[in-house]
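Visitor: I would like to learn how to read a protein model step by step. Could you take me through a few features, giving the general idea before the particular case?

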Amino acid sequence: MAAPHVLSAIDEAKRAMRVERMAARFGLDPRAAGEAVTGLVLRDCPPPPDAVVSGFWPLDNEIDIRPLLLALHARGHPIVLPVTPKRGLPLSFRLWRPGDTMVAERFGTMCPAGCPAGHPAGRPAGEGPSPAFLLVPLLAFDRRGGRLG
């Protein structure tokens, strides 16, 4: 077994790709990219009617999908955001509406006020429904849909 500080060839390749992709998006306008994605999603791959949509609140220079979340909400889609649980607990979602107060959570993520950071197992009060359509942050993806986060 390799020492914990020694990275495998795959880990090294992923690390190099992350550095490359972060550099490639440096200087891009996250809001403009989010507006462009909004148009593409609504035109080319909209969620089914009434589908619960899971989004994310952007961090640092991640693409800002808030315009898409607003557009989907306006179309009647319930929007949920992930609650970041303690390690080993399942991911859950909290209902979000435009204008909700957002609070900092684990790892710098944000969720609607009232979400219990690191909630215990079970469904915390106010937890949203399970999503059918997922929007997830990423740095890159391959032709098979593999995600590099």
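Visitor: Which residues in α2 meet residues in α3?

Guide: Please keep in mind that this model is predicted. Two packed helices are described by the angle between their axes and by the distance between those axes. Here α2, which covers residues 30-44, packs against α3 at an angle of about 35°, and their axes are 7 Å apart. On the α2 side the residues are Arg31, Glu35, Val37, Thr38, Val41 and Leu42, and they meet Arg66, Pro67, Leu68, Ala71 and Leu72 in α3. Sorted by class, this contact has seven nonpolar, one polar and three charged residues.

Visitor: What does α3 lie across?

Guide: Helix α3, residues 66-74, lies across β1, β2 and β3, and runs at about 135° to β2.

Visitor: In what order do the strands of the open sheet stand?

Guide: In general, strands of a sheet pair through backbone hydrogen bonds, either parallel or antiparallel. This open sheet has four strands in the order β3-β2-β1-β6, and the pairing is mixed. Because β3 (92-96) and β6 (133-134) each have a single partner strand, they stand at the edges, and one side of each is left without a neighbour in the sheet. The pairing of β1, residues 53-54, with β6 is parallel over two bridges, and Ser54 stands opposite Leu134 in β6.

Visitor: How many residues line the second largest pocket?

Guide: Rolling a probe the size of a water molecule over the atoms shows where empty space is left. The second largest pocket, with a volume of about 400 Å³, is lined by 19 residues, and Phe56, Pro82, Thr84, Thr109 and Pro137 lie nearest its centre. Its lining divides into 13 nonpolar, four polar and two charged residues.

Conventions: Residues numbered from 1 in each chain as written. Predicted model: local features only at pLDDT ≥ 70, side-chain atom pairs only at ≥ 80, totals over all residues. Heavy atoms only, no water. Pairing = 2+ DSSP bridges. Contact = heavy atoms within 4.5 Å. Axes fitted to C-alpha atoms, helices over the stretch in contact; angles between N-to-C directions. 1 Å grid on protein atoms, 1.4 Å probe; cavity = no way out; pocket = protein on both sides within 12 Å on 5 of 7 lines; lining within 4 Å. Points joined across faces, edges and corners; volume = space filled by probe spheres on them. Nonpolar A, V, L, I, M, F, W, Y, C, P; charged D, E, K, R; others polar.
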